[in-house]
Amino acid sequence: MKIGIDCDDVLLNYAQALVDYRNRTSSHHIKLSALNEYDLQRYLRFSTPEAYAKFLESFERSKEFKDMPVMKGSSEYISLLFEKEYELEVITSRRPPHIRKTISRLHNEFPGYFSRINFTHLNSDPTPKVRICKDRGIQIIIDDNPTIIQRCTNAGVIGIIFDRPWNRGQKYNHLPRTNTWFNIDSLISNLIYSACKKD
Ligand SMILES: [Mg+2]
């Protein structure tokens with residue numbers, strides 16, 4: 001069985017690195033736990049999209065971006081899922097300038113565990129993650145973006161929301177969720193069992 005796994009905020013702690021960089025380079029003291037929506041421009045207190053875009057460019061050259069921490073438990077549990085013979089693929093919306101760095105970082109942190117790294121933005125017309133799941137025969141997806149999980153679920157893919165402060169809220173309560181890598185294995189087993197019972 002194939003599992004598609006998001007990179008940022010599922011395998012690597014992108015948001016923490018971004019907040020750390022913002023706090024180091026400004027007078028703000030922003031806490032990741034308060035990031036309760038996707039509007040990072042507003043949350044990081046930039047008044048214009050241009051100022052935010054400039055900030056992102058400098059963040060992507062920073063030590064915080066380069067040394068972005070892995071999500072707690074991810075190395076251990078990716079290894080466990082691999083040993084259980086799940087086929088693991090990454091699905092990420094990281095942009096072309098970061099493709100080489102992303103491949104190298106994931107290979108270093110998770111050596112040999114991913115059979116493929118799928119990039120949604122290889123072309124000017126991005127490929128939705130749900131399309132990648134369907135094309136690649138991916139049956140389970142783990143992502144922190146609830147919209148992606150909802151779309152994949154609607155298309156018959158088993159979706160798991162990786163809990164982050166911005167994806168909480170009642171409207172997502174019906175979707176399977178994990179707040180840690182440590183129970184991912186049992187959650188996946190339960191979801192597969194439920195899906196088989198429905199068939
Ligand atoms: Mg993500």
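## Report on a predicted model

In helix α5, the residues S74, I78 and L81 are buried. Seen down the axis of α5, these buried residues fall within an arc of 60 degrees, so they line one face of the helix. The face of α5 turned away from that buried side carries the exposed residues E76 and E83. The cover over the buried residues of α5 includes strand β1 (2–5), strand β2 and helix α9 (184–198). The structure described here is a predicted model.

**The whole chain**

The protein has nine helices and six strands. A compact globule with 199 residues would have a radius of gyration near 16 Å, and the protein has 17 Å, which agrees. Along the principal axes, the C-alpha atoms fill a box of roughly 55 × 35 × 35 Å. Of the 199 residues, 29% count as buried. Among contacts with a separation of 6 or more, 58% come from residues 24 or more positions apart.

**The sheet**

The six strands form an open sheet in the order β3-β2-β1-β4-β5-β6, with parallel pairing. Strands β3 (114–119) and β6 stand at the edges, each with a single partner strand, so one side of each is left without a neighbour in the sheet. Helix α9 packs on the sheet and touches β4, β5 and β6, and its direction makes about 150 degrees with that of β5. Helix α6 (residues 99–109) lies across β2 and β3, running at about 155 degrees to β3.

**Strand β5**

How many of the five residues of strand β5 (residues 158–162) are buried? Five of the five are buried, and the strand is mostly covered. Both of its faces are covered: on one side I158, I160 and F162 are buried, and on the other G159 and I161 are buried.

Strand β5 runs parallel to strand β4 (residues 140–143), and four bridges join the two. Between them, the chain crosses from β4 through helix α8 (residues 146–154) to β5, and this β-α-β crossover is right-handed. D143 stands opposite I161 in β5. Strand β5 is also joined to strand β6 (residues 177–178), here by two bridges, and these strands run parallel too. The bridge partner of F162 in β6 is T178.

Most residues other than glycine have a negative phi.

R45 is found in the loop between α2 (40–43) and α3 (49–59). Is R45 buried or exposed? R45 is exposed, because it has 12 other C-beta atoms within 10 Å, and a residue with 12 or fewer counts as exposed.

E85 follows α5 and lies in the loop between α5 (74–83) and β2 (87–92). E85 counts as exposed because it has 7 C-beta neighbours inside 10 Å.

How values were computed: Residues are numbered from 1 along each chain as its sequence is written. This is a predicted model: local features need pLDDT of at least 70, side-chain atom pairs count only at pLDDT 80 or more; totals for chains, interfaces and linings use all residues. A residue is buried if 20 or more other C-beta atoms lie within 10 Å of its own, exposed if 12 or fewer, and partly exposed in between; C-beta atoms are placed from the backbone. Two strands pair if DSSP finds at least two bridges between them. A crossover is right-handed if, with the strands pointing away from the viewer, the path from the first strand over the helix to the second runs clockwise. The arc is that of the directions from the helix axis to the C-beta atoms. Two residues are in contact if their C-beta atoms, placed from the backbone, lie within 7 Å. The radius of gyration is taken over C-alpha atoms; the globule rule is 2.2 Å times the number of residues to the power 0.38. Axes are lines fitted to C-alpha atoms, for helices over the stretch in contact, and angles run from 0 to 180 degrees between N-to-C directions.
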